[in-house]
Amino acid sequence: MVEATKSVVRTEYWSRLEDGKLLCELCPRACKLSEGQRGLCFVRARENDEVVLATYARSSGFAVDPIEKKPLNHFLPGTPVFSFGTAGCNLTCKFCQNWDISKSRSVDTLAESAGPVQIADAAERLGCRSVAFTYNDPVIFLEYARDVAAACKERGLRTVAVTAGYINPKPRADFFSFIDAANIDLKAMDDDFYRRIAGGRLEPVLDTLRYLRSETDVWFEVTNLVIPGHNDTDDDIRKLSDWVVGELGPDVPLHFSAFHPSYRMLDVPPTSRASLRRARSIAKAAGIRHVYTGNVHDREGDTTYCADCGTSLIRRDWYEILEWNLKEGACPACGARCAG
């Protein structure tokens, strides 16, 4: 584990090109770096002829959240999670809801010194059951997240990743080896959308989701931000839902979240509750057993129901649990186990 006061640490996912540039191999973006240059993500840079993580043990902020805010509705429901992030991102989403952090190119954003042990101690002191890497994508600060996870494990704390899943296979195996639960942002089932709107590609994200299902024990849920006029048609929702059922299985929870005008998409209207409810209905008809709505007030869309008999198992209002009917992880009416 690296000392908490050290903000620049070596990384391992890079190689040297014939022209003298260094190729960052963390994610599909494959930044080629000259001396002193940072990658698009901002936090990985070439210094002293190697690729380093330049923001180790530096955080853009902390909060204690309900786990449902990540959103994760089937992992330690009703418990507090200690959330933190750094700065930068390896995608360039025009609709980014955390753009002041993820699009930051200033170290001034990283106002807090936060070593792995400090974070684990704070989470334990505040009564949290888990620690979440969130606000910006944690794959870009893999080395920092890995050390935080090790400190958390010593205290019996779980680790959560909120990520777009845009990462190459080798570092992906490393990253998810220390993650207990994840929420993966699947922005659309359309490569053109990823290229135009998010500055990336679809297939690496799908590969990450397939990897989580087939190669790991990580509990994961999927979120789709529904953006009016961009990924919200019935065909868009049906295509995404069918892929989730076919490739990941019907028990992977799917969250449809409301878009709010932000960053470079201020001219797009917010997503209506009716649109999210329609998406939820399409996904359920496609066979997904647990479908939720987010960023709007919708008690039905917040509640966990038994997939077999429809009994309300965990009734929520926003992130507050109003009623808990699970009995040792099973439905009290029919005895069916609840996923997660």
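Q: Among contacts in the chain between residues at least 6 apart in sequence, what percentage join residues at least 24 apart?
A: In this predicted model, 65% of the contacts between residues at least 6 apart in sequence join residues at least 24 apart.

Q: What radius of gyration does the chain have, and what would a compact globule have with 340 residues?
A: The chain has a radius of gyration of 20 Å, which agrees with the value near 20 Å for a compact globule of 340 residues. Taken along the principal axes, the C-alpha atoms fill a box of roughly 65 × 45 × 35 Å, and 56% of the 340 residues count as buried.

Q: How is the packing of α6 and α7 to be read, and at what angle do they pack?
A: Two packed helices are described by the angle between their axes and by the distance between those axes. Here helix α6 (residues 203-215) packs with helix α7 (residues 234-248) at an angle of about 35°, the axes being 10 Å apart, and α6 passes α7 in a right-handed crossing. Leu206, Leu209, Arg210 and Arg213 of α6 meet Trp243, Glu247 and Leu248 of α7, a contact that by class has four nonpolar, no polar and three charged residues.

Q: Is threonine 159 buried or exposed, and why?
A: Threonine 159 has a relative accessible area of 1%, and therefore counts as buried, since the cut-off for buried is under 20%.

Q: Where is threonine 159 placed, and which residues does threonine 159 touch?
A: Threonine 159 is in strand β12 (residues 158-163). Not counting residues up to four places away in sequence, threonine 159 touches Val131, Phe133, Ala149, Cys152, Phe178, Ile179, Asp180 and Ala181. A polar atom of the threonine 159 side chain lies 2.6 Å from the backbone oxygen of phenylalanine 178.

Note on methods
Residues numbered from 1 in each chain as written. Predicted model: local features only at pLDDT ≥ 70, side-chain atom pairs only at ≥ 80, totals over all residues. Heavy atoms only, no water. Axes fitted to C-alpha atoms, helices over the stretch in contact; angles between N-to-C directions. Helix = DSSP H or I, 4+ residues; strand = E, 2+ residues; numbered from the N terminus. Left-handed = near helix turned anticlockwise from the far one by under 90°. Contact = heavy atoms within 4.5 Å. Nonpolar A, V, L, I, M, F, W, Y, C, P; charged D, E, K, R; others polar. Buried < 20%, exposed > 50% of the residue type's maximum accessible area, 1.4 Å probe, protein only. Polar contact = N/O pair within 3.5 Å; in protein donor to acceptor, adjacent residues only side chain to side chain. Rg over C-alpha atoms; globule rule 2.2 N^0.38 Å.
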